[in-house]
Structures are given as structure tokens and as C-alpha cells.
Amino acid sequence: MLTSDPWLILLVVVPLLAAPVCVLLRNATAAWAVALVVSWSIFGIAVKLLIQVLEQGEVFYRIGGWDAPWGIEYKLDPLGAFVVVIIATIGAVVIPYAKKSVENEIQKERIYLFYTMMLLCISGLLGITVTGDAFNLFVFLEISSLSSYVLISMGQDRRALTAAYRYLIMGTIGATFYIIGVGLMYQMTGSLNFADLSTIMPAIADTRTVLAALAFLTVGISLKLALFPLHMWLPNAYTFAPSAVTAFLAATATKVSLYVLLRIFFTVFGEVDLFATFPLQPVLIGMALAGMFLASLSAIWQENLKRMMAYSSVAQIGYMVLGVALATEAGLAGGIIHLFNHALVKGTAFLAIGAIIYSTGAVTLRDLRGVGKSMPLLMAAFIVAGLGLIGVPLTAGFVSKWQLVTATLEADMWPLAALILLSSLLAVIYVWRIFEVAYLRDSHLAPVKIIKKLPLSMLIPTWILALASLYFGTHATLTMDIAHTAARQLMGGM
Amino acid sequence: MISAYLSQAAVIQLTLILPLLGGLMVWALGERNRNLREAASLITAILEFVLVASLTSDVLDGGRPSVDMLEMFPGLMLTLTVEPLGQLFALIASGLWIVNTVYSIGYMRGNKELHQTRFYVCFTLAISSAIGIAYSGNILTMFVFYEVLTLSTYPLVTHSGRPEAIKGGRVYLGILMATSIGFLFLAMLWTYNITGTLDFQSGGILADKVHGPELAVLLFLYVFGIGKAAMMPVHRWLPAAMVAPTPVSALLHAVAVVKAGVFAVVKVIVYIFGLDLLVDARADDWLILVAAFTIISASIIALRQDNLKRRLAYSTISQLSYVILGAAILAPISVAGAAMHMAAHAFGKITLFFAAGAIYTAAHKTKVSELDGIGRTMPFTMGAFAIGALSMIGLPPTAGFISKWYILSGALETSNALVILVIIASTLLNAAYFLPIIYVAFFKEPQKRHKNAPHYEFENHGEAPWPMVLALCFTALGTIVLFFYPEVPLALGQALVGD
């Protein structure tokens, strides 16, 4: 049953309007307070909408009262609601954390701009998720991308500028490819509404133009998604961005791109037997596997913690795409649940790294000497995240791995199951490098000094995400059901 | 007694929670209140044993109390079920934990080890997960606690933080994680995919579901996925784990961890495959071969080890495969013998490790070649060592004789000439690597250390601190008592195949 609900538009409008308010305030603390109130109210709205969608079915809102497909329609199905909750949760956790972290990393007179950009970025990501219109999605894609370029360039290190610039180039190519794809589709169908497109598509699916559109869309989104080998922008961007930004983007931005990929493949092309018509499956599986192995191997050799976790993200994106590429309900559910679980796990990891930077001023592996002893609570959260990356039982990562391997077995793809497990063993290596340095004695080097005591406002958010990953690792029924519902709906078309 | 106050379900859950609470107490008390901290460890261990023991009579009467802890996946619970073999394992682990705690106090203080609080806390975690494996009601629960056991014992293996400890830790974690994630996890999901259930059921859940080569592959994944059973070639983690302080080697790497491994293998054979399925399909012939190979070659390697703990470790690898062998023969009497051997080997091997640790603490000697005449200065320790060694060889009046007898009976019943030969050959090999130690300890003249040699200050040693001697005499006594009164382990072993 469809219900119209104005709460949907508030998700996007509230942060969008709050952003200029921050500029007008021109005060760091006031801007932070605005961002805090906004992020927490969005979290409330997101949870309300998720419950509503699960209980009563899809929610929509028509802008200006114009009926679809002529007007712009916002629409929330279980998948969208799930992604909205992920973005809202991470936002609500990162903003309180950001206060101290940002004061430490960004010049005081620029801090209000940081919160402005954060709000714009949140607004853009939420917009991508709720809109049912292909062009409107492009607009939000640009809002979120432009704000994230600015956020990354605010990093302390001067190399943040080149990292942001590189991301800008790659991101713009990605967005341009996307809009070319949308344009080609518009030329063939005269429509921009996803639901409308999906009904027209079967009639024209085997034309060259649609094939070209699909290719442009897939490559464009894969760039934003950082699917191997289009991930080159990601390690530097994550490494040099301010810590709070890295945590936020790592847990949300790539996830939203995956959401767009799912939307295109299974909503727009939902009525077409996409994977039978186009040779997508071998390409996606190949990319996913290459990412899982090569990026994990790169992670093993990194000395910079942020870069290590960034490569690990590229590998984890491989798992999600692998689930999607199976094109079965179980596979999609695996990809979707990993989207959620990985947001929790990687969010924890980057928040913990940010806290280490705050307290010790250092970010390389060597600088973790004795941190297990001097910052026991924080390091424990980091280890929880590390175990989650490996997929040890009782953590959220285990749930993802369970579902993904189950999906490959159901699809009779034995070698894939073995490869998933093999690549998760690579994670053991890089997580254990961290563990050994942090906890085991290295007699000839003195432990690293704690410069500043870690504030609770940074420790508590880190632990909230760590505990969430433990909770959803042991009580996966809820998330598993949502992922399956979302996957079933995608597989059944709109 | 306890059931008057607590429901059985509560008692089962408490067996997992109590060690954790004890661990919290230990952590809260810390190094500053070390006497209180040690008291807390000891009291927790005693209470734990009382809790576990209180479940025994019900299980012997045929009860299978079960409790669901939480729903992990839709329709898949973390379930604890008490059944005979698990009860036996839980009794052994929790009972010997008491003795080991007494011993640890002497050892850790005697050797002035660092991070003692972390040591005791990790120990409680390890015990809790060992009990979790013992009472696991399905493979998922077993797998979860299996992994927790690996992770919680890792800090104990690398306790000293020295480079060789870190290196040993890598081998330990690498092999155990690689096998469990690579094989066991896959086997578990495969089983779930075929049967739609992961419950341990008597008679097995795979009957009529898998056939021929698939069955053999699945068994392979399980047996080598459970790396803790230390079947060759995934045995290397056990010698690597010997860098740990001796109480860890004694309770965890002679009892809790390795027994968890063979226990899991036996449980999978009995409750997942079912004896009938494997007998009909002859799917486990290769398992007998691998177990036989492990028994013989580990013994041969043990012969050549000069480091006492390493020799004991290889002896453990060999003895573990006795349990696998007993189960793989698939005769009910030998499966009961396998269960008995878990108890017998536990008491014998912990005695041997206790003795090795006592020798290290008192004399700072770690090599077999240094033990000439040590029986004269440490008569209790070496006497206990002799009893433990006799049990390993399988001579009366020690518990090892009984279990070997049962396994041999099973081999005769199924007229398996290979198994009979292997048992005879390995008995000779066991004698060859244990008897010389006893001989030189009691009958050779002691060698004096040179004045400038390291550890010269330990030259005029006597026995180790009394808690250690007390503990090792107690377990040696247990080895003999178990020979005369093997009723409880045997009854549990027979209940395992009886129902």
C-alpha cells in the first residue's frame, strides 16, 4: 500500500536549509549545535520511516503535487529506508564526535564551514536515496560530491588538496557518465521516473542506445562506488581527509553508490532480464574478486592506518558487489546486509583511528606501540572493528560472511565461496599487524606518548558503533529480515 | 542441591557466565590486591566445577537439558544442550581448572611473570568458551565458541611478548583461523544448505542427504577444519603454542583447547554424520589412515625432541589421534574408549606439563638432556611425572590402560589389523620417549652447572613452590584413581553411543 508522507521531504529539506544557517552563524560551536540537532532529528525521522515502510509498505511524496511521471516523486521502499537509516545513524554518531576532533584538525575560523558542508553532504546522500527521479538523483549526487570534495580538502596535510582534486576529477567523470547514461535513456523513453522507466524498458532493451546507457551508468556509478579498478581516488581521499570526514564518508558515500547501482540494475532494468541479456555477471564478479584480493593485499603492506583501512574498504566493496552480481535474492540480501554491517564496522575503525590521531598525533602503524595499554578502552573498540573486518563470530562481519557464502552455495558457485573465505583470511593478517604492535611488547622502542587525554565525546561514539556491530552480530534476525525483504522486492521488480 | 534454588536452564547458562564474572572480579581487583585476586580465581573455579557437576546425574539418567541463549540468525539459535560427551568434557575442563589455578599461583609468582591479571582474565574467558563448546547444541554454537577460544588463548600464548612468542602466536592464530574459516565454516554452511538444520541429533542429520565423494569431502572439511584436533598436517600450531607459560600449556594445550578439538570431531562424527551413515558408506577409511599416520609420526618426532615441552606437545598430537582413531573405528565400544581416553589423557598429560613447569621454576631446566639425577632433588615431581608417563604408554595401574583397552577391543571387534598394529607400535614408541627420561632422572648422577653458566643460582634447588607440587601430585593421584574407578567417564562414554 502506498501512503503519501511529508516526512520524506523533510529528510532532505531540513539539512539543506540548516546548511546556510551555519554560514550565517559564523560561529564554530553554534554551527556544531545546529548540525547536532539536525542530525539527531534526521535519525529520528529515518527510524520512524523505516518502521512505517516495513509495517505499511512504501512511502511516497510528490513535489509540488505534480503526479509522477511528470513531476518529481520521492519514494521510499525497504531498501531505501534501510540505507537512509544507515546514513542517519552514522551522521548522528559522527557529529558529536566531530566537535573535538575537528577543533584539533581544522583552523578555528573555518569550522563553521565544515559543519555547513557536512549538512550539505548528508542532505545530498539522503536525497539520492529517497528520490525516484533519475535527474533529481544527479542533482543530489553533485551536492554530496561537491561538499565531500570540500570536506576532504580541509584535511591538515597539504596533500589533502591534491587528494581532493583527484577525487574531484574522478568524481566528475563518474557523475558525467551517469548523466550521459540518463540522457540516453531519456532520449529513448522520454521519462526520468524510475518506476516509469522500468515499465518502458522491456520494449527497447535490446537497442544499442540502451546498451550504451547501461554501460555509461555502470561505469559512472562504479567510479563513485570505488569498485576495483576505479578505486584510485579513494585511498588518498580517505587518508588525508579530516578524521571525522573519513569515518562519515567511508561508512556512507560508497554505500549510497551501491544503492544507486541496485536501483539501476533492479528497478530501472527490473522488468528486463538484465543478467541474461548483457554480460554483466562475469565482469562484476571479476572486478569484485580482483578488489577483494588485490586491495586486501595492498592493505597488508600499508604503514598508514587510514590508508590500510581505506584499502580494506575497497576490498569490502568487492564483497558487496559480489553479492549483487549473483543476482539472486540471497546474493542481494548478502550485499545489502554487508552494506549495513560494514558501515558499522568501518565507521568504528575510522572513529578509533581519529581518536588515536587526537591523542597521540600519529597515524602510522609504528606509532601504535603500547597504545593497547595507554588507551585500553579505545583500542578494544578498534579490535572489535578489526574482528568485524575478518568476520569473526559475534561481530557484524560474521553475519555478512554467513549470508554471502550461503548465497554462493545456493547458486552452486563453489569456487566463489572458497574465494570469499580465502580473502577474509587476508584481513586476519592486516588486523593482526595492528594487534601485535598495540599490545605486544617491543622492547627496544619506547611506547608512544599520549599528548592529549581522549575526551568522552570521542570515545562514546566509537563505542556506540562498536556495540552496535556486536549487537547486530549476535541478533541478526532484524537486519537479515530487512535485507531479505529489500532483496525480494528488488528481484520482483518495482 | 543447586536445583533447589536454580532452574536447570539457569544453571547451564551460569556455567558460561560465571567464569566471565570471575574474570571481571579478577580484573577489578588487579595487581594491587593479588591475594584477593587469586582467591577470586580459585573460588570461581570451584563454583564452576560444582555447577557443572550438578548436571551430571540428570545426564546419566538420560536427560538432555537444553536452553536457547539468543536468536543469532532467523531460525538459528545459540543453543546449549547438555549431552554425555559434552558433560564429560565440561567435567574434565572445569575440574582440572581448579587444580590448574592452584598451580598457576605458584608458577606465575615463582617466575615473577608480568601481566598476571591479564593472564587470569584471559584464562577465565578461555574456560568459559571451552564450556560453551562442551554444551553446544548445534554446530553454529560450537563454531562461535571455537573461535572465541582461539582468540582468547592467543594473548596467553604470546604472554611474554618476546619475539619468539609473537612468532609462535602467528603460527598458532594463522593455522587455527585459516582452518576454521577456510574449512569448518564452509562445512557448516554446506551442511546447512543440504539439511536446513545445524542441530546435533543422535543418529546424525546427514543420512540420505549426501552420498559418495561428497560425503568424504564434507568429512575432510570438518576434520581438518577443526584444527584444534591437531591431525597432521594441521598440527604445527601445538608445538608453536609451547612458548606460553606452562599453566597455559598444561590446562589449555593439553586439556581444554585440544580436547575441544577432538571433542568437536567426535561430536560431528556421532551427531552430524551418524555412525551408521559412515559405516555404510565407508567414508571414513581415510580418517583412520590419517589418524594412524599422525599417531606414529608424531611419536617419532617426539623421540627426537630435546625440549621437554615440545616432546610433550608431540606426544599430545599423537594421543589426540587416539581419540579420533577410537571414533573413526565406528564400533560403539571404541567410541566409548575414545571418550574415556579424553579423560585419561587429560589427567596424565596435565601431570606431565605440571612437572615440566615445576622443573623450570625450580631448576630453570627445559631440556631432556639436562634432567640427569633431577629425581633425587625433586622426588615428588618426578614421581608424578613417572605416573603420567605410564598413563601415556597405557600401563596399569593408570587410566591410560583402560582407554587403550577399549579402543583395542573396538579394533578387534571390527578386525582392523592396521589399527591393532598401530596401537602396538605406538605403545612401544611412547615407552621409548618417556622411559629414558624417568631413567636418567632417578638413576644418573646429576651434572653440575658451570659457575658462569646461566641460571647458576638455581643449582641448589629443591622442589618447586608447594602449590605446584600439590597440584601435580593431585593429578597424578587422579590418574591412578581413574584406573580403579572409571565409572563416570565410561558411563558417559557409553551413554554417548547408547542413545
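The second largest pocket is lined by 27 residues, with Tyr107(B), Arg162(B), Val243(B), Ala244(B) and Tyr360(B) nearest its centre. A pocket is here an open set of points on a 1 Å grid over the protein atoms alone, with protein on both sides within 12 Å along at least five of seven lines, and lining residues have an atom within 4 Å of a point. The space in this second largest pocket amounts to about 630 Å³, a volume being the space filled by probe spheres set on grid points that are joined across faces, edges and corners. Two or more lining residues are contributed by each of α7 (163-195), α13 (308-328) and α14 (332-363) of chain B. Helices are DSSP runs (H or I, at least four residues), numbered from the N terminus. By class, the lining of the second largest pocket comprises 10 nonpolar, 9 polar and 8 charged residues; Ala, Val, Leu, Ile, Met, Phe, Trp, Tyr, Cys and Pro count as nonpolar, Asp, Glu, Lys and Arg as charged, and the others, Gly among them, as polar.

The model is predicted, with local features requiring pLDDT of at least 70 and side-chain atom pairs pLDDT 80 or more, whereas totals for chains, interfaces and linings use all residues. Residues are numbered from 1 along each chain as its sequence is written, chains are lettered from A and ligands numbered from 1 in the order in which they are written, and side-chain values use heavy atoms, hydrogens and water being left out.

Over all chains, 15 salt bridges were found in a search of the whole structure, a salt bridge being a side-chain nitrogen of Lys or Arg within 4 Å of a carboxyl oxygen of Asp or Glu. In chain B, Glu38(B) pairs with Arg109(B) in a salt bridge whose closest N and O atoms are 3.1 Å apart. Glu38(B) belongs to helix α2 (residues 34-53) and Arg109(B) to helix α4 (residues 84-110) of chain B, so this pair ties together parts that are 71 residues apart in sequence. Glu38(B) is buried, at a relative accessible area of 3%, whereas Arg109(B) is partly exposed at 29%; buried denotes under 20% relative accessible area, exposed over 50%, and partly exposed the range in between (1.4 Å probe, protein chains only).

In chain A, a salt bridge links the side chains of Arg488(A) and Glu329(A), with an N to O distance of 3.6 Å. Arg488(A) is situated in helix α20 (residues 477-491) and Glu329(A) in helix α14 (residues 329-360) of chain A, so the two residues tie together parts that are 159 residues apart in sequence. Both partners are partly exposed, with relative accessibilities of 46% for Arg488(A) and 29% for Glu329(A). A further salt bridge joins Asp67(A) to Arg62(A) at 3.4 Å, N to O. Asp67(A) is partly exposed, with a relative accessible area of 43%, as is Arg62(A), at 27%.

Helix α20 of chain A also contains Thr479(A), which is buried at a relative accessible area of 2%. A polar atom of the Thr479(A) side chain lies 3.2 Å from the backbone oxygen of Ala476(A).

The disulfide count over all chains is 0, a disulfide being a pair of cysteine sulfur atoms within 2.5 Å. For Cys22(A), which is in no disulfide, the nearest cysteine sulfur belongs to Cys121(A) and is 14 Å away. Cys22(A) is buried, with a relative accessible area of 0%, whereas Cys473(B) is partly exposed at 28%.

The peptide bond from Phe228(A) to Pro229(A) is cis, with omega near 0 degrees, and Pro229(A) is placed in the loop between α8 (208-225) and α9 (233-240) of chain A. The loop between α8 and α9 also holds Ala226(A), a residue other than glycine with a positive phi near 65 degrees. Ala226(A) is buried, its relative accessible area being 0%. In chain B, Pro396(B) and Pro397(B) are joined by a cis peptide bond with omega of about 5 degrees; Pro397(B) lies in the loop between α16 (379-393) and α17 (399-413). Leu330(B), although not a glycine, has a positive phi of about 70 degrees. Leu330(B) occupies the loop between α13 and α14 of chain B and is buried, with a relative accessible area of 9%. Helices α13 and α14 of chain B are among the elements that give two or more residues to the lining of the second largest pocket.

Definitions and conventions
1 Å grid on protein atoms, 1.4 Å probe; cavity = no way out; pocket = protein on both sides within 12 Å on 5 of 7 lines; lining within 4 Å. Polar contact = N/O pair within 3.5 Å; in protein donor to acceptor, adjacent residues only side chain to side chain.
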